[in-house]
Amino acid sequence: MTESTIRYETPAPGVARIVLARADKHNAINPQMIYDVNEAFNQAVRDESVKVIILGADGRNFSAGHDIAGTVEGYQADTQQNSPGVSSWSDFTEEYTHGWYAAEKETYLESARRWRNLSKPTICTVQGKCIAGALIFAWVCDIIVASKEAVFSDPVVTFGVSGVEWLGHPWELGARKAKEFLFTSDSWSAEEAHRLGMVNHVVERDELDDFALAMAIKIAAKPAFALKLAKEAVNKTLDIQGQANAIDQAFSLHHLCHNQNFRKFGYGMDTNNLPKVANVPKKEA
Ligand code: ZN
């Protein structure tokens, strides 16, 4: 039995907290973490005593994003081995685009959509770095509280991909700032993310958990059904504006980039520009 990548806590009546507990790896997201988080969300949703769910993380950084310290084949095999069937996709170990598309659709796109539509309010607390795939964890939550030193980035254009798998950027930042964020791969501060409307509140690092918990307790005092439908009303508004279709479309373009990189580098990303942690083989020249 593999050790869990998360902790499940109940810090106050009516509040569940899911904590990413892979701090030694900067909470890098692997398939097991996706499924651990998914199961924890399910547990919180099914527990009638839970009204609000907090998603946080141990350590200095919220998360370094998707764990790319391995091969595409390894990721696909992990997905095949760990998947309880979050989406209707399968055959994750098929070769070429078939298996890679299926694995990313399951673990990044469909999982994110499930969490975004959970029937209870969610609050994400972000400290330190929140990079690429980590943005998905934050964005699918209803409210984001960041500590002052938090920084956000999606550097995947540098690695030859059009943006992280869940293209929330235009909705979170506005179209022009979304383009700048993607084109430059720059890291933006919590204050800047707050100014753009992506982050609800910025607080001192040592106040982050207490601030989010106080807000969760305040929300938990409201009628559960009204909370659920308030959330659904806002999410449906975004859906009617086309958010879901736009994100699906962007996911397809993301995979067009993966395919281009497979052909050029033998890996889904530009291997010349990946960070050093990525233990991927360089294609022979
Ligand atoms: Zn991808």
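Ala, Val, Leu, Ile, Met, Phe, Trp, Tyr, Cys and Pro count here as nonpolar, Asp, Glu, Lys and Arg as charged, and the others, Gly among them, as polar. The model is predicted: local features need pLDDT of at least 70, side-chain atom pairs count only at pLDDT 80 or more, and totals for chains, interfaces and linings use all residues. Residues are numbered from 1 along each chain as its sequence is written, and side-chain values use heavy atoms, with hydrogens and water left out.

By these classes, the lining of the largest pocket has 20 nonpolar, 13 polar and seven charged residues. A pocket is an open set of points on a 1 Å grid over the protein atoms alone, where a 1.4 Å probe fits, with protein on both sides within 12 Å along at least five of seven lines; lining residues have an atom within 4 Å of a point. The volume of the largest pocket is about 850 Å³. It is lined by 40 residues, and G65, H66, D67, I68 and A69 are the closest to its centre. Volume is the space filled by probe spheres set on the points, which are joined across faces, edges and corners. At least two lining residues come from each of α2 (72-82), α3 (96-116), β5 (129-131) and α10. The top contributor is α2, with four residues.

The second largest pocket has a volume of about 570 Å³. Its lining comprises 24 residues, with W139, C141, D142, N235 and L238 closest to the centre. This lining has 15 nonpolar, five polar and four charged residues. Its largest share, six residues, comes from α9. Helices (H or I, at least four residues) and strands (E, at least two) are DSSP runs, numbered from the N terminus.

The zinc ion has protein donors E104 (OE), E104 (OE), E165 (OE), H254 (NE2) and H258 (NE2), at 2.0 to 2.3 Å. Donors are N, O and S atoms within 2.8 Å of the metal (3.2 Å for Na, K and Ca); water is not among the atoms, so sites may look incomplete. Along the chain, the donor spacing is E-x60-E-x88-H-x3-H. E165, in the loop between β7 (151-153) and α5 (169-173), and H258, in helix α10 (residues 243-265), are 93 residues apart. E165 is buried at 5% relative accessible area, and H258 is buried at 2%. Buried means under 20%, exposed over 50%, partly exposed in between (1.4 Å probe, protein chains only).

The structure holds zero disulfides (pairs of cysteine sulfur atoms within 2.5 Å). For C130, the nearest cysteine sulfur, that of C124, is 6.8 Å away.
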